Amino acid sequence: MLSALLLTVMLVISFGNPGDSPFALEVQGVLAAVQKPVTRMGNILQRGTQGVFGFRSLVDENQALTRRIAELEEEILDLQLSRAELEELKTLTGALNYTAVQESKFKIASGIISMDGSSPFNIFTIDAGLRSGVVKEAVVVNELGLIGRVSEVGPRFGKVISVTDTNTNFSFRIYKSDTEHYLGIASGDGRGGLTGYMLDADARIALGDRLVTSGMGVYPAGLIIGTVSDIADNRETLLKTIDIEPAVDFDNLSTVLVIVTKDLL
Amino acid sequence: MKRMRVSHIIVAYGMAVLLQTSWLSTYPLVGVTANFVLCALVLLRAVSSHPAVYGGAVLCGLLIDLSLGLYVGVSALAYLSVCAVLHVVSDSLNPHNILTSVATVLWATVWYEVVYWLILFLFGSPYHGAYLAARLPVLMLANGVTTGVVKGMLR
């Protein structure tokens with residue numbers, strides 16, 4: 001009874017104050033130090049086993065091609081973003097002291113060292129922390145798109161929470177053409193996916209349309225979020241609500257890229 | 001019922017936490033990996049009624065919450081609830097039968113997941129009941145197979 005009471009008190013405190021305490025960070029640091037070599041050994045063992053069965057070259061080739069596709073997709077999106085917004089940004093540069101997103105960020109590659117596969121949430125620990133330049137609220141992506149953000153950071157590790165796991169809203173944009181694009185708001189749907197709505201009631205969107213971050217809020221512009229998997233009309237708000245299939249396969253994460261924008265430093 | 005050393009219980013739970021949160025969990029099958037701590041709890045309770053069996057599970061839940069949880073205490077409370085039920089029913093179960101252990105872990109999985117979801121639901125977390133229903137069969141399968149295999153190896 002006493003332990004149940006203590007745990008309930010901890011839970012209430014935790015819900016009221018989601019940020020990790022210094023004690024929790026210490027515990028995470030110790031666990032991460034133990035988990036890191038285990039995960040590394042497991043990864044080496046797995047890659048070695050794949051090599052033995054002759055799949056290693058295929059796996060490497062597949063990874064290289066996946067990376068190349070992701071690079072090309074990013075280039076296409078960059079071009080779309082550039083075309084649509086170049087003129088607007090040019091006029092705003094002087095007035096708002098605007099700095100292009102590409103120039104205002106640096107990236108840190110990192111491996112995943114722990115994750116609870118039995119949990120419904122996609123929360124994991126990466127092997128880069130304050131000493132590598134990772135900061136709280138830094139954006140985490142992989143070659144497929146947006147994963148989430150760093151929620152806590154220790155000297156040698158960072159705790160990442162995915163975009164699908166929170167009620168926190170973030171804005172996205174759907175590009176139909178150079179001149180036609182629509183804004184919307186998305187958040188986690190509690191089922192491992194994303195849900196959202198369009199700000200324009202007349203938005204001409206279709207199943208399969210790709211969503212990218214708009215650049216307003218935490219996430220820099222142009223990161224791939226996912227695709228529209230369902231569209232419905234909300235009779236109360238008169239807006240289109242959508243289900244979003246995340247671009248990232250959260251079941252197969254091994255390495256990630258942490259993007260630290262200058263405003264976080 | 002055999003007497004079990006506390007050190008053995010600590011080692012068993014230590015391995016369970018490492019398996020649950022390290023390399024194996026970064027390569028899940030069909031989106032989930034087994035809840036190794038829950039499997040360890042069921043297997044250990046079958047051979048020992050030492051308080052450390054219950055305490056270890058709750059502590060593991062707390063560690064997992066601290067390192068990878070959205071909120072601290074959810075897993076720990078869910079494990080504690082499983083411990084409470086196990087404490088009542090375990091003495092009437094055959095500790096040597098694999099099928100009994102597998103059946104125990106199956107209902108323990110359902111109990112744990114429902115309590116976990118209920119706690120999050122009460123506090124307004126977005127974890128949806130339909131998502132729980134979709135994950136439950138796979139989790140039961142993973143936990144059942146893990147428990148059966150480990151029990152078979154230990155016999």
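**View 1. Ser187(A) and its partner across the strands.** In this predicted model, Ser187(A) is bridged to Thr195(A), which sits in β8(A).

**View 2. The barrel in chain A.** β7 and β8 are among the six strands of a closed barrel in chain A, and the order to trace is β6-β7-β8-β11-β10-β9. Pairing here is antiparallel. Going from one strand to the next, the twist averages 40 degrees.

**View 3. Chain A as a whole.** Chain A has 12 strands and three helices. Of its 265 residues, 34% count as buried. How many of the contacts between residues at least 6 apart in sequence join residues at least 24 apart? For chain A, that's 59%.

View 4. The average pLDDT for chain A is 80, and 83% of the residues score at least 70. Take care with residues 96-102 of chain A, where pLDDT stays under 50. For that stretch, the model has seven contacts beyond four places in sequence.

**View 5. Where chain A meets chain B.** The contact draws on 40 residues from chain A and 37 residues from chain B. Which elements of chain A each supply at least two residues to the side that touches chain B? They are α1 (2-16), α2 (22-52), β1 (105-115) and β2 (123-126). The largest share comes from α2(A), with 10 residues. Sort that side of chain A by class and you find 17 nonpolar, 18 polar and five charged residues.

**View 6. Ile119(B) and its surroundings.** Ile119(B) belongs to helix α5 of chain B, residues 98-122. Is Ile119(B) buried or exposed? It counts as buried, because 22 C-beta neighbours lie inside 10 Å. Leaving out neighbours within four places in sequence, Ile119(B) is in contact with Val74(B), Leu77(B) and Ala78(B), plus Leu11(A) from the other chain. Look for Ser92(B) too: Ile119(B) and Ser92(B) are 27 residues apart in sequence, and their C-alpha atoms are 29 Å apart in space.

**View 7. Helix α3 of chain B.** This helix covers residues 51-68, 18 residues in total. From first C-alpha to last, α3(B) reaches 26 Å, close to the 26 Å expected at 1.5 Å a residue. Most of α3(B) is covered, with 14 of its 18 residues buried.

Definitions and conventions. Residues are numbered from 1 along each chain as its sequence is written. Chains are lettered from A and ligands numbered from 1 in the order in which they are written. This is a predicted model: local features need pLDDT of at least 70, side-chain atom pairs count only at pLDDT 80 or more; totals for chains, interfaces and linings use all residues. pLDDT is the predictor's confidence in each residue, from 0 to 100. Two residues are in contact if their C-beta atoms, placed from the backbone, lie within 7 Å. Helices (H or I, at least four residues) and strands (E, at least two) are DSSP runs, numbered from the N terminus. The expected span of a helix is 1.5 Å times one less than its number of residues. A residue is buried if 20 or more other C-beta atoms lie within 10 Å of its own, exposed if 12 or fewer, and partly exposed in between; C-beta atoms are placed from the backbone. Ala, Val, Leu, Ile, Met, Phe, Trp, Tyr, Cys and Pro count as nonpolar, Asp, Glu, Lys and Arg as charged, and the others, Gly among them, as polar. Two strands pair if DSSP finds at least two bridges between them. Axes are lines fitted to C-alpha atoms, for helices over the stretch in contact, and angles run from 0 to 180 degrees between N-to-C directions.
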